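Please read this briefing alongside the sequence and the 3D view. The notes are grouped by topic.

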Amino acid sequence: MHETLIAGRPPGVAIGAPKGSIPPSARAMIASARIARRVRELGRQVSEIYADIDTPLVLVVILKGATVFAADLLRSLSIPAELEFVSAASYGSGTSSTGRVRLAHMVEGPLVGRHVLLVEDIVDSGRTVDAVAKRIRRLGPASLRIAALLDRPARRAVDVKIDFCGFVIPDRFVIGYGLDYAGLYRELPGIYSLR
Ligand code: IMP
Ligand code: MG
């Protein structure tokens, strides 16, 4: 099978690659078993912190990258929780932040008086979670915390407090476990860095 490369893609990231295949330029960073263990731990921590709230916790998931993490985190909880989604994007199809955050979809249910946990795949510049958190705060939640599977502090531009963090990673673009490169590779069970 021949590789069709798009301009600007790292070498080896092919279009039409078979589903589940890992680009040749990718390097394993976090194995799926390690992610699973860590997400279960986070689930326990979240369940403990919110043990005494009298309404179900609301997970507000930032589309699309955080959906895989959120699905596993939700199933690691021992407390009732609801799901809401927001759509925010600060990236085009490249590997560096454009600095703009676009909010295309907001939560459907009212968040007044609710305990909200914002779920993000990776905090890079911090602009995405910061922008979403600001919008959510205007809706009058009882509390707002942030859970992020990955924290990449090297390119932070906005100060963000991550309440529940899976892994702190070095300054590498990553794919897998929900994270994409140009829409691809979200299905990979582990996390890989692109060189
Ligand atoms: P920030 O707004 O700069 O913090 O960027 C966060 C958003 O950019 C995340 O929600 C991801 O969707 C995306 N992003 C940042 N870094 C990566 C990466 O290494 N791989 C895939 N997506 C990323
Ligand atoms: Mg995202």
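This is a predicted model: local features need pLDDT of at least 70, side-chain atom pairs count only at pLDDT 80 or more; totals for chains, interfaces and linings use all residues.

Residues are numbered from 1 along each chain as its sequence is written, chains are lettered from A and ligands numbered from 1 in the order in which they are written, and side-chain values use heavy atoms, with hydrogens and water left out.

**Overall fold**

- The protein has three helices and nine strands; helices (H or I, at least four residues) and strands (E, at least two) are DSSP runs, numbered from the N terminus.
- Read from the N terminus, the order of elements is β-α-β-α-β-β-β-α-β-β-β-β.
- Of the 195 residues, 45% count as buried, where buried means under 20% relative accessible area, exposed over 50% and partly exposed in between (1.4 Å probe, protein chains only).
- Among contacts (heavy atoms within 4.5 Å) between residues at least 6 apart in sequence, 65% join residues at least 24 apart.

**Around ligand 1**

- Ligand 1 is surrounded by 16 residues, the closest being Glu120, Ser125, Thr128, Arg152 and Val174; a residue is near a molecule if one of its heavy atoms lies within 4 Å of it.
- This shell divides into six nonpolar, four polar and six charged residues; Ala, Val, Leu, Ile, Met, Phe, Trp, Tyr, Cys and Pro count as nonpolar, Asp, Glu, Lys and Arg as charged, and the others, Gly among them, as polar.
- Strand S5 (115-123), helix H3 (127-137) and strand S8 (173-175) each supply at least two residues of the shell, and the largest share, four residues, comes from S5.
- Oxygen atoms of ligand 1 lie 2.7 Å from a polar side-chain atom of Glu120 and 2.5 Å from an N or O atom in the side chain of Thr128.
- A polar backbone atom of Val174 is 2.6 Å from a nitrogen atom of ligand 1.
- On its own, ligand 1 has 490 Å² of accessible area, and the protein covers 92% of this.

**Nonpolar cores**

- The largest nonpolar core has 28 residues, and Leu117, Val119, Leu149, Leu150 and Ile191 have the most contacts inside it; such a core is a set of buried Ala, Val, Leu, Ile, Met, Phe, Trp, Tyr and Cys residues joined through side-chain atoms within 4.5 Å.
- Elements that each supply at least two residues of this core include helix H1 (32-49), strand S2 (57-63) and strand S6 (143-151), and the largest share, four residues, comes from H1.
- Another core, apart from this one, has 20 residues, among them Leu111, Val123, Leu144 and Ile162.
- Beyond its neighbours within four places in sequence, Ile191 is in contact with residues including Ile30, Ile35, Leu149, Leu150 and Val174.

- Ser193 lies in strand S9 (residues 191-194) and is buried, with a relative accessible area of 6%.
- Not counting residues up to four places away in sequence, Ser193 touches Ser25, Ala26, Arg27, Met29, Arg172, Phe173 and Val174.
- Ser143, in strand S6, is buried as well, with a relative accessible area of 17%.
- The side chains of Ser143 and His115 are joined by a polar contact of 2.7 Å; a polar contact is a pair of N or O atoms within 3.5 Å, and within protein one must be able to donate a hydrogen and the other to accept it, while residues adjacent in sequence count only if both atoms are side-chain atoms.

Key:
Accessible areas come from the Shrake-Rupley method with a 1.4 Å probe; for residues, only the protein chains shown count as cover.
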